[in-house]
Amino acid sequence: MFGYIIPDQQAMTPEARDRYRTAYCGLCRRAAALHGMAGRMTLSYDLTFLNLLLSSLYEGETDAVAETGRCPVHPIRPIRWRYSGPTDYCADIGLALHYYSAKDKWEDDRSPAGLAYMKLLDQHRRDAEARWPRACQAITQGLDQLARYEAEGCQDLDLVSGSFGGLMAELFDYKQDRWSPELRTIGYSIGKYIYLLDAWDDLDRDNRKGTYNPLRQISAEPDYQDQMREIFELLLAQAAGAFRRLPCVEDADLLENILYSGIWLKYNVKNHRRKSR
């Protein structure tokens with residue numbers, strides 16, 4: 001969906017890369033089982049991270065399934081995959097997020113592609129909302145609030161990014177149990193990071209087009225880049241601190257790889273290109 005919560009493949013052992021791949025394929029498998037080919041189209045690294053996190057945290061509470069079979073996307077050789085109870089939740093949430101992203105593109109730009117994608121996902125989105133009404137309501141409410149701030153041209157970074165952070169906090173709060181504070185902190189911090197990093201990446205384009213960007217005001221300050229780096233470091237430190245309080249054992253190395261290294265990859269690449277200009 002967003003493409004920022006990714007693994008650092010270079011820092012992984014071959015065994016770790018294989019385990020990550022089986023989790024990614026497991027999410028794809030369940031998305032297809034629930035929503036057909038439309039479900040496969042909504043697969044993302046971001047929801048794979050949430051799937052890994054929830055499956056590790058709630059390990060043993062539902063059956064963990066590991067299978068091998070043929071994949072229609074990669075039919076040459078058998079593929080291994082694995083999934084557990086939270087995987088279906090992540091597949092549904094991923095589809096709902098893709099639906100509302102397409103809806104946003106249609107309403108903002110009258111994008112024919114956005115309209116077609118929205119119609120393709122519509123019935124599947126209704127099914128997901130029937131299974132997870134609280135989470136899907138959080139998506140609609142969070143995006144509506146964000147749209148209001150954007151329409152007003154809001155430059156309060158904490159306020160506008162907090163709308164998306166609050167949305168993500170709700171999605172990470174899978175069971176609303178004793179682990180809610182930690183999960184909500186991870187979701188909130190990562191959500192704000194994603195929103196602000198996306199705005200940071202789009203700033204030049206938005207300035208050329210004259211479209212909204214919450215960083216337009218702060219970007220005029222001489223230490224803008226240093227300020228943004230500090231904001232990103234603080235948000236990801238908060239997410240990592242909350243993660244360390246969770247009793248995750250299974251795939252803890254994969255989760256640490258993503259939180260401590262992978263999630264920085266796109267920022268580092270884009271920052272390097274910026275400095276090379």
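The legends below describe close-up views of a predicted model.

**View 1. The largest pocket of the predicted model and the helices that line it.** The largest pocket has a volume of about 1,500 Å³, and of the 37 residues that line this pocket, Asp-104, Lys-105, Asp-108, Glu-150 and Asp-198 are the closest to its centre. Four helices, namely helix H3 (85–109), helix H4 (112–131), helix H5 (133–151) and helix H7 (180–209), each supply at least two residues of the lining. Among the contributors to this lining, H3 gives the most, with 11 residues. When the residues that line the largest pocket are sorted by class, 18 are nonpolar, six are polar and 13 are charged.

**View 2. The second largest pocket, with lining residues from helix H1 and strand E2.** The space in the second largest pocket comes to about 370 Å³. Its lining is made up of 19 residues, and those that lie nearest the centre of this pocket are Arg-21, Tyr-24, Cys-25, His-74 and Ile-79. Helix H1 (14–40) and strand E2 (79–83) each supply at least two residues of the lining, and H1 gives the most, with eight residues. Sorted by class, the lining of the second largest pocket holds 11 nonpolar, two polar and six charged residues.

**View 3. The packing of helix H2 against helix H9.** Two packed helices are described by the angle between their axes and the distance between the axes. In this view, the axes of helix H2 (residues 45–57) and helix H9 (residues 252–260) come within 10 Å and cross at roughly 140°. Angles over 145 degrees would count as roughly antiparallel, and H2 and H9 are therefore described as oblique to each other. The crossing of H2 and H9 is left-handed. On the H2 side of the contact are Phe-49, Leu-52, Leu-53 and Ser-56, which meet Leu-254, Leu-255, Ile-258 and Leu-259 of H9. The residues of this contact comprise seven nonpolar, one polar and no charged.

**View 4. The packing of helix H2 against helix H7.** Here H2 and H7 pack at an angle of about 170°, and their axes are 13 Å apart. Because an angle over 145 degrees counts as roughly antiparallel, H2 and H7 are roughly antiparallel to each other. The residues that make the contact are Phe-49, Leu-53, Leu-54 and Leu-57 from H2, together with Leu-183, Ile-186 and Ile-190 from H7. By class, the contact of H2 with H7 has seven nonpolar residues, no polar residues and no charged residues. Phe-49 and Leu-53 of H2, which take part in this contact with H7, also take part in the contact of H2 with H9.

**View 5. The largest cavity, with lining residues from helices H2, H3 and H6.** The structure holds two cavities of 30 Å³ or more, and about 70 Å³ of space lies in the largest cavity, which is the subject of this view. The residues that line the largest cavity are Ile-5, Asp-46, Leu-47, Phe-49, Leu-50, Ile-93, Leu-97, Met-168, Leu-171 and Phe-172. H2, H3 and helix H6 (157–172) each supply at least two residues of this lining, and the largest share, four residues, comes from H2. Sorted by class, the lining of the largest cavity has nine nonpolar residues, no polar residues and one charged residue.

**View 6. The second largest cavity, with lining residues from helices H1 and H3.** About 40 Å³ of space lies in the second largest cavity. Around this space, the lining is formed by Leu-27, Ala-31, Gly-39, Thr-42, Leu-43, Ser-44, Leu-47, Cys-90, Ala-91 and Gly-94. The elements that give two or more residues to the lining of this cavity are H1 and H3. By class, the lining of the second largest cavity has six nonpolar, four polar and no charged residues. Leu-47 is found in this lining and also in the lining of the largest cavity.

View 7. Most residues other than glycine have a negative phi.

Definitions and conventions
Residues numbered from 1 in each chain as written. Predicted model: local features only at pLDDT ≥ 70, side-chain atom pairs only at ≥ 80, totals over all residues. Heavy atoms only, no water. 1 Å grid on protein atoms, 1.4 Å probe; cavity = no way out; pocket = protein on both sides within 12 Å on 5 of 7 lines; lining within 4 Å. Points joined across faces, edges and corners; volume = space filled by probe spheres on them. Nonpolar A, V, L, I, M, F, W, Y, C, P; charged D, E, K, R; others polar. Axes fitted to C-alpha atoms, helices over the stretch in contact; angles between N-to-C directions. Parallel < 35°, antiparallel > 145°, perpendicular 65-115°, else oblique. Left-handed = near helix turned anticlockwise from the far one by under 90°. Contact = heavy atoms within 4.5 Å.
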